[in-house]
Amino acid sequence: MPNPIFCAIDTGDLEHARDLVSAVGPHVGGIKLGLEFWNAFGRKGVETIVEASSGKSLFLDLKLHDIPNTVGGAVRALEDLPVDILTVHASGGEAMMRAARAAAPERTKVVAVTVLTSLSDEDLTALGTDGGVDAQVERLALLTRRAGLDGIVCSPQEVAARSAAWPDGLFVVPGIRPHGADMGDQKRALTPQEALDAGASVLVIGRPITKADNPGEAAEAIAAQMK
Ligand SMILES: O=C(O)c1cc(=O)[nH]c(=O)n1[C@@H]1O[C@H](COP(=O)(O)O)[C@@H](O)[C@H]1O
């Protein structure tokens, strides 16, 4: 099995991002660049990291959420970047997700964020969604599959049920915390091995690696802990 760890490089410091990529590169399967990095450095920054990571898979986490025409155009505008995984928000709806899939090149897996891992049942109620996280993840996963996307982003706590229901789906799972690690703003987290055992295809891990005293060693230790 290929290394499932994608390290989230969430920083607005390009030099630091490059150093992190060099340090963790040998121990991870891919690099995730998200909104902080994208807003700071855009496509030039992405190209810099692609070069520094020498062929690692690239996950561009832009969490697109707009009307279908705009999202389709935004995805087409990424055409010349070597993106392996791209995110949209499932709550943008089926037509928006279809537009994203139609605009993306075949090599790019388009996955939809269901319920952010920083949200709890209570947060969903406050947003006007009753019934809890599990039910909402299930609803959005069904919609995502119907829209022809490649998979979903969900927490490790929902991934067992969702991966059983969608055997060839891609399950991107953030909210990963090794034993004893600081939760930060994550509310629905499990350990890397628990997430893998539950059916995760990709483990998104940021701060437990990037904020460690030695990010390379932290990534190596997490990779070694997994069977
Ligand atoms: O789409 C994501 O990657 C994502 C979705 C989600 O529900 N929760 C979530 O934490 N993420 C991302 O996963 C990474 C988690 O980082 P850490 O909490 O530092 O491990 C961040 O880059 C988040 O943007």
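**Exercise 1. Find which residues are closest to the ligand, and which elements supply its shell.**

Solution. Start at the ligand, which has 19 residues around it, with A8, T117, P174, G206 and R207 the closest. Here a residue is near a molecule if its C-beta atom, placed from the backbone, lies within 6 Å of it. Next, look for elements that give two or more residues to this shell: they are β3, β8 (202-205) and α9 (207-210). Helices (H or I, at least four residues) and strands (E, at least two) are DSSP runs, numbered from the N terminus. Finally, sort the shell by type: 8 residues are nonpolar, 7 polar and 4 charged. In this sorting, Ala, Val, Leu, Ile, Met, Phe, Trp, Tyr, Cys and Pro count as nonpolar, Asp, Glu, Lys and Arg as charged, and the others, Gly among them, as polar.

Two notes before going on. Residues are numbered from 1 along each chain as its sequence is written. The model is predicted: local features need pLDDT of at least 70, side-chain atom pairs count only at pLDDT 80 or more, and totals for chains, interfaces and linings use all residues.

**Exercise 2. Locate D61 and K63, and decide whether each is buried or partly exposed.**

Solution. Begin with the record: the unreviewed UniProt entry places the feature "active site" at D61, K63 and D66. Such annotations may be inferred rather than shown by experiment.

Now count neighbours. A residue is buried if 20 or more other C-beta atoms lie within 10 Å of its own, exposed if 12 or fewer, and partly exposed in between. D61 has 23 other C-beta atoms within 10 Å, so D61 is buried. K63 has 15 within 10 Å, so K63 is partly exposed.

Last, list contacts, meaning C-beta atoms, placed from the backbone, within 7 Å. Leaving out residues up to four places away in sequence, D61 touches K32, L33, G34 and T87. With neighbours within four places left aside, K63 is in contact with L35, T87, V88, H89 and V113.

**Exercise 3. Which members of the largest nonpolar core touch the most other members?**

Solution. A nonpolar core is a set of buried Ala, Val, Leu, Ile, Met, Phe, Trp, Tyr and Cys residues joined through C-beta atoms within 7 Å. The largest one has 66 residues, and C7, A100, A112, V173 and L203 touch the most other members. Take V173: not counting residues up to four places away in sequence, its contacts are C154, S155, P156, V159, A195, A200, V202, L203 and V204.

Key: Contact = placed C-beta atoms within 7 Å.
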